[in-house]
Amino acid sequence: MSPSMQPTSSATSASSRVPRILLTCLIFFVGLALSVFVAWAPPHVLPAFQEVQSGFGMDQPLLTRLVMQYHSGYWLLPVLVLLMALVRGPRQGGWFGMAGALLVFLLTAIAAYWPVIAAGTVV
């Protein structure tokens, strides 16, 4: 192969950056989408849990009451994801969104199911 036919290092490095940029965009958009989903879902799901829990006639634990009353604060998570992406980069913002969505989902699930589980142990 002649020297003029060999690929240049800039062409090779540019082609290797494309998948990395796509991966960064994918991480960011997945993190942002998950954070928006966990902020959007509680008003649509929690009323059903509240109806079931009120049928038990038991007092709700503090965590359950806090989640039921203040779940609209979950909309701070997508805002924080966007801020993190601006400050630390889109990849870190995406990972923050994924981790935050997982924690918010677990917190909400525990708060929603806790009274149901507690009612089952009392009976």
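**Reading a helical chain**

Modeller: At 31% relative accessibility, Phe96 counts as partly exposed. Please keep in mind throughout that this is a predicted model.

Colleague: What is the secondary structure of the chain, and in what order do its elements run from the N terminus?

Modeller: One begins with the elements. The chain has five helices and zero strands, and from the N terminus on the order is α-α-α-α-α. Of its 123 residues, 28% count as buried. The accessible surface of the chain comes to about 8,400 Å², and 74% of that surface belongs to carbon and sulfur atoms.

Colleague: How much of the contacts with a separation of 6 or more comes from residues 24 or more positions apart?

Modeller: Such residues account for 78% of those contacts in the chain.

Colleague: Let us return to Phe96. Which residues make the nonpolar surface patch?

Modeller: A patch of this kind is read by listing its members and then finding the elements that hold them. Here Leu76, Val79, Leu80, Leu83, Leu86, Val87 and Phe96 make a nonpolar surface patch of about 700 Å². Helix 4, residues 76-88, gives the most to this patch, with six residues. Phe96 has its place in helix 5, residues 90-122.

Colleague: How should I read a helix that has buried residues, and why do the buried residues of helix 3 line one face?

Modeller: The general idea comes from the geometry of the helix. An α-helix has 3.6 residues a turn, so residues three or four places apart point the same way. In helix 3, residues 62-70, the buried residues are Thr64, Val67 and Met68. Seen down the helix axis, these buried residues fall within an arc of 95°, so they line one face of helix 3.

Colleague: Which exposed residues does the face of helix 3 turned away from its buried side carry?

Modeller: That face carries Leu62, Gln69 and Tyr70, which are exposed.

Colleague: How many aromatic pairs does a search of the whole structure find?

Modeller: The search finds two aromatic pairs. In one of them, the rings of Phe37 and Trp40 have centres 6.1 Å apart and planes at 35°, so this pair is tilted. The cut-offs explain the reading: planes under 30 degrees apart count as stacked and those over 60 as edge-to-face, with the rest tilted.

Colleague: Why are Phe37 and Trp40 separated by about one helical turn?

Modeller: Phe37 and Trp40 are separated by about one helical turn because they are three residues apart in helix 1, residues 9-40. Phe37 is partly exposed at 47% relative accessibility, and Trp40 is partly exposed with a relative accessible area of 43%.

Colleague: Are Ser35 and Gly97 buried or exposed?

Modeller: To answer, one compares the relative accessible area with a cut-off, as buried means under 20%. Ser35, which is found in helix 1, is buried, with a relative accessible area of 0%. Gly97, which is found in helix 5, is buried with a value of 0%.

Colleague: What are Ser35 and Gly97 in contact with, leaving aside neighbours within four places in sequence?

Modeller: With those neighbours set aside, Ser35 is in contact with Leu77, Pro78, Val81, Gly97 and Ala101. On the same terms, Gly97 is in contact with Gly31, Ser35 and Val81. The C-alpha atoms of Gly97 and Leu77 are separated by 7.2 Å, and these residues are 20 residues apart along the chain.

Colleague: Where does Pro90 lie, and what is it in contact with beyond its neighbours within four places in sequence?

Modeller: Pro90 lies in helix 5 and is partly exposed, with a relative accessible area of 39%. Beyond those neighbours, Pro90 is in contact with Thr24, Phe28 and Ala85. Pro90 and Phe28 are 62 residues apart along the chain, while their C-alpha atoms are separated by 5.4 Å.

Key
Residues are numbered from 1 along each chain as its sequence is written. This is a predicted model: local features need pLDDT of at least 70, side-chain atom pairs count only at pLDDT 80 or more; totals for chains, interfaces and linings use all residues. Side-chain values use heavy atoms; hydrogens and water are left out. Patches are made of residues with over 30% relative accessible area and no salt bridge: like charges are joined within 9 Å, nonpolar side chains (Val, Leu, Ile, Met, Phe, Trp, Tyr) within 5 Å. Accessible areas come from the Shrake-Rupley method with a 1.4 Å probe; for residues, only the protein chains shown count as cover. A salt bridge is a side-chain nitrogen of Lys or Arg within 4 Å of a carboxyl oxygen of Asp or Glu. Helices (H or I, at least four residues) and strands (E, at least two) are DSSP runs, numbered from the N terminus. Buried means under 20% relative accessible area, exposed over 50%, partly exposed in between (1.4 Å probe, protein chains only). Rings of Phe, Tyr and Trp (its six-membered ring) pair if their centres lie within 6.5 Å; planes under 30 degrees apart count as stacked, over 60 as edge-to-face and the rest as tilted. The arc is that of the directions from the helix axis to the C-beta atoms. Contact means heavy atoms within 4.5 Å.
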